[in-house]
Protein chains: 2
Amino acid sequence: MVDNAEKAWKLINGGIAAPKGFYAAGVKAGIKYEDKYDVALIFSDVQAQAAGVYTRNLVKAHPLYLTQRHLENGQARAIVVNSGNANACVGEFGDQAAFAMAEVVGMYLGLEPENVLVASTGVIGVEMPLDRVLNGIRVASSVLLNDVVKGIRGQKELADEEAHRAALAIMTTDTMVKEYAYEFPCAQGVIHLGAIAKGSGMIHPNMGTMLGFLTTDADLPSEDLQRILGEAVEESFNMVTVDGDTSTNDMVLFLANGASGITPDGKDRSNFEKMVKSMCVRLAQDIARDGEGASKFMEVLVSGAKTKEDARKIARSICGSSLVKAALFGEDANWGRILTAAGYSGAEFDPNKIDVLLGDLIVAQGGKGVAFSEEKAKEILGFKDVQIRLNLHYGEEHATAWGCDLTHEYVTINGSYRT
Amino acid sequence: MVDNAEKAWKLINGGIAAPKGFYAAGVKAGIKYEDKYDVALIFSDVQAQAAGVYTRNLVKAHPLYLTQRHLENGQARAIVVNSGNANACVGEFGDQAAFAMAEVVGMYLGLEPENVLVASTGVIGVEMPLDRVLNGIRVASSVLLNDVVKGIRGQKELADEEAHRAALAIMTTDTMVKEYAYEFPCAQGVIHLGAIAKGSGMIHPNMGTMLGFLTTDADLPSEDLQRILGEAVEESFNMVTVDGDTSTNDMVLFLANGASGITPDGKDRSNFEKMVKSMCVRLAQDIARDGEGASKFMEVLVSGAKTKEDARKIARSICGSSLVKAALFGEDANWGRILTAAGYSGAEFDPNKIDVLLGDLIVAQGGKGVAFSEEKAKEILGFKDVQIRLNLHYGEEHATAWGCDLTHEYVTINGSYRT
C-alpha cells in the first residue's frame, strides 16, 4: 500500500548508512537487557544539514530539549540513540545525562557536543544507568571509526552489517526491523536516501514513542530539509495510531551531508520530495503493522471531506477507536462503530451522505446500512491487511491513516512493560 | 467514593419508581435474545416537567431526534427504552420506528405521542424488529397499568418488582444493575429521587452508549431541571471513560412530576441540586466500575489546575489512556504513562511542578520520579479500587474522572459484539 506515484527511485539493500559518507553502529550496552542492542550511533564524515520534528506532548524527555538546542544552527554530524530508558521526568540528572551522551560521542568522534543529537526511548521516570550508556557509546564509536576506515579504503559495503545493528539498537517492543534505502538516479547523478525507525505501542498522531532517522547524500539547506520533513511527517508518522497515546520522547531527524554533490532541481527536486514522503509512509506503515500485539494492519482512506484536516481527523479517529480495533481483531463487520468514530472525530460532515466500504464491499451508503454478503465481509476482514474506505460526499479533500487491531497480546504486553 | 458533602438525603430501597406517581415496567420482547428483558417503560401518572442531555456525536440515532423534538415543550409523561438494537443509521425506517414506539406507548397509556420520549441501545445499522418491539410495548403497558391500579389502591410498593425489571431491560453488556433511590426530608416534606442507568463499553466524555433516567416528585419547572441536569451530567456522566468512544445513542432524561407538591427552596434547593449530582456521580461510578471486561475501578483526581476545563481534560485523558489502563490491569506503577497522558491532554500546566500519587503514595514530585516502595505500590494497585491523584500546582481548579482497566476480557467482548 505504499504511495504508487511515479517511482523515479528504487528500493535498494541497506539502511541508514546507504547514502555516501554516512556510517552507523549498534552495540549491546546492557541498559535494560543483557543481550539486546541498545545504543545506536549515526555519523556523517562531513558536516551535514539537519532538520527535526518532535513530539507535541507537553511533557518532553530531557534529550528532546538538548536536540532542539543543538539543531538551532541547522547542522549536525552525529546522532546517538539509546533504547531501554527514556531519560524522561528525572529532573536535572536527565539534562546532565543527555548532555553527557552528546559530550562523550563528541570526545570519541572528534566533534563538538553541539554537533551531536540525542534520542532516547524506554521507560519514563527512572534514571538511566549512565555508566553503561557511556560505555556503550565508547564501544559504538570505536566500531564506527573502524567502519570509517573501511570506507576510506573503498570498502564501505563491509560496514553495512554494523549499520543494521543501529536499526536493531533503537527497537523496544518492535518485532521487526524498520530499515530501508532508496536510490534515486536523477539528471545530475545518483542520490541516496536511508532510514531507520522504531515504534510500536504508544503510537499516535503527533508521534507517540516513535523514532525515525533519515539520511541523504543530497545537498540541501536545512530550511528546505525542515520543510520537506515536516510535510512528510504530517502525512505519514502523524497518521499512525496504535493506541491513542503520544509519548514524551518522539522525534524524527533528517541529515543531508551533500556527499553526492547534487542539489536536485526541477522535476528531480519534486521527485526527491516525493521520495522522502514515500520513505516516511513506508516506515509509518511498518510501525502500524508492528503495533503492540497487533495481528492485523488497517488502512483507513477518507475522501470527499471539506478540508484536509477534517479528512485526517476522521481517518485517525477510526484508526484510534478501541471498538473498531477490537471488531477488526474479531473480524466483525461492525461498520456502525466506524461511523460512530467518524461522528466523534470533531470533523464536519453530513451523516446522511457518508458511504462506508470494507475493501471493495459497500456496507453503508448515504449513512445507512445496506444488505451485504456477510461471507464476503468475513473474507475481507480475514486478511492480514484490511482497508476501510469512507466517502463523505462533502468536499474534495482526502487523507489516509494507518493502525492495527486491539488484541489480547496488547493487554499482556502493556500490563507489564515497566517491570 | 461518592460525594461526601453534607448528606441531607439518604439512600432507600427502590429505583426509578420510588418517587410518588412514577411507575415502571420491563418485559422480554425477544429483540436480540430470547430470554432477556429488553423493553422498559417509565410512566408518570400526571404530566411531568422534563429535561434531557444528548450525545455530542455528529452521528445520532433516530430516537434522539424524536426525543429532542418531543422535549421541546419541556414536558413528558412516559419514556420507552429498548435494548438489543440502537435504531441508528437505518434511514427513514429508523425515524418511523422511533415514532411508532412513541405512538404505540401513547395508544396503550392514553397519551399523545408527543408526550412520550424514546431511547434505544444496541447494535448500529440494523433495522430493529419493530413487530417484536411494539408487542413488547403492549405487554409492558399492560403490566404498568396494572401497577397503576395497585398504586391507586395504596399498594404501590407491590409495583417495585416491576420497576426493577425496567432497570434490567435497559442493560446490554452491563454486568450489574444500576438503580438507586434517595429520600430527601426537606422543610416542607419529603422529596424522592429515583434513577436507573446503563452503560458499559463505549463510555466516554460526552456519553458513549450510556443511558440514564432520573425521576423526582419535586415540583420544578423544566428550565430549572435542564440546568440542574446539565451541570450534574458535566461532572458525572461526562467524566466517565471506558474506551474513548462516544456513541450515537446516549442520553440522560430527567422527569419531575411535582407529586410531592414541594418546590424545594433556600438550603433545601441547594441540597436538592447536590442530591441530583450525587445520584449522577453514583451512576457514573457504577458505569466505570462496570466497563466492559473491567477488573479494576480507577478514580483520577486532578487538583491545582488553572481552569476547570484543564483539570477535566487531564483527568479524562488519564482515564482514557490505553497504556494507563493496561498498566492498571498489570498492577504496574508506571507513573510515566500518567504524566504522558496529562501531557497530551491539551491542558496547560508546568510539567516540572506536577506531583503524582497512587493512593497516598507519592511516586513523582515536581515532575520527577521519587524513590518509593514498590511493595506499597503493588499493594495499592492490587486493590479493586485505585485512586490516582495529580496536583499540578498551577492554579485552584480541580476535577475527578472515573474509568477502569483494559483487560483481555474487553478484547474478547468487543471482538464479537455484533454477531
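Trainee: How far is the model to be trusted, and what is the average pLDDT of chain A?

Mentor: This is a predicted model. Where pLDDT is low, the predicted coordinates should not be read in detail. Chain A averages a pLDDT of 91, and 93% of the residues score at least 70. For the complex, the predictor gives an ipTM of 0.81 and a pTM of 0.86.

Trainee: Which domains does chain A have?

Mentor: The domain assignment gives domain 1 (10-289) and domain 2 (297-415) of chain A. Their C-alpha centres lie 32 Å apart.

Trainee: What is the order of the strands in the seven-stranded open sheet of chain A?

Mentor: The order is β9-β16-β11-β15-β12-β13-β14 in chain A, with mixed pairing. At the edges stand β9 (240-241) and β14 (368-369) of chain A; each has a single partner strand, so one side of each is left without a neighbour in the sheet.

Trainee: In which sense do β12 and β13 of chain A pair?

Mentor: Strands β12 (residues 355-358) and β13 (residues 361-365) of chain A pair in the antiparallel sense, over three bridges. In one of them, A:Leu357 has A:Ile362 in β13(A) as its bridge partner. Helix α10 (residues 374-382) of chain A lies across β12, β13 and β15 (385-391) of chain A, and runs at about 110 degrees to β13(A).

Trainee: How do I read a helix, and which residues of helix α1 of chain B are buried?

Mentor: An α-helix has 3.6 residues a turn, so residues three or four places apart point the same way. In helix α1 (residues 62-70) of chain B, the buried residues are B:His62, B:Pro63, B:Leu64, B:Leu66, B:Thr67 and B:His70. They pack against β3 (39-54), β4 (75-83), α2 (92-109), β5 (116-121) and β10 (251-256) of chain B.

Trainee: Is B:His192 buried or exposed?

Mentor: A residue counts as buried if 20 or more other C-beta atoms lie within 10 Å of its own. B:His192 has 23 such neighbours, so this residue is buried. B:His192 is placed in strand β7 (residues 189-199) of chain B. Beyond its neighbours within four places in sequence, B:His192 has contacts including B:Ala18, B:Tyr182 and B:Asp217.

Definitions and conventions:
Residues are numbered from 1 along each chain as its sequence is written. Chains are lettered from A and ligands numbered from 1 in the order in which they are written. This is a predicted model: local features need pLDDT of at least 70, side-chain atom pairs count only at pLDDT 80 or more; totals for chains, interfaces and linings use all residues. Domain bounds come from an automatic or database domain assignment. A residue is buried if 20 or more other C-beta atoms lie within 10 Å of its own, exposed if 12 or fewer, and partly exposed in between; C-beta atoms are placed from the backbone. Helices (H or I, at least four residues) and strands (E, at least two) are DSSP runs, numbered from the N terminus. Two residues are in contact if their C-beta atoms, placed from the backbone, lie within 7 Å. Two strands pair if DSSP finds at least two bridges between them. Axes are lines fitted to C-alpha atoms, for helices over the stretch in contact, and angles run from 0 to 180 degrees between N-to-C directions. pLDDT is the predictor's confidence in each residue, from 0 to 100.
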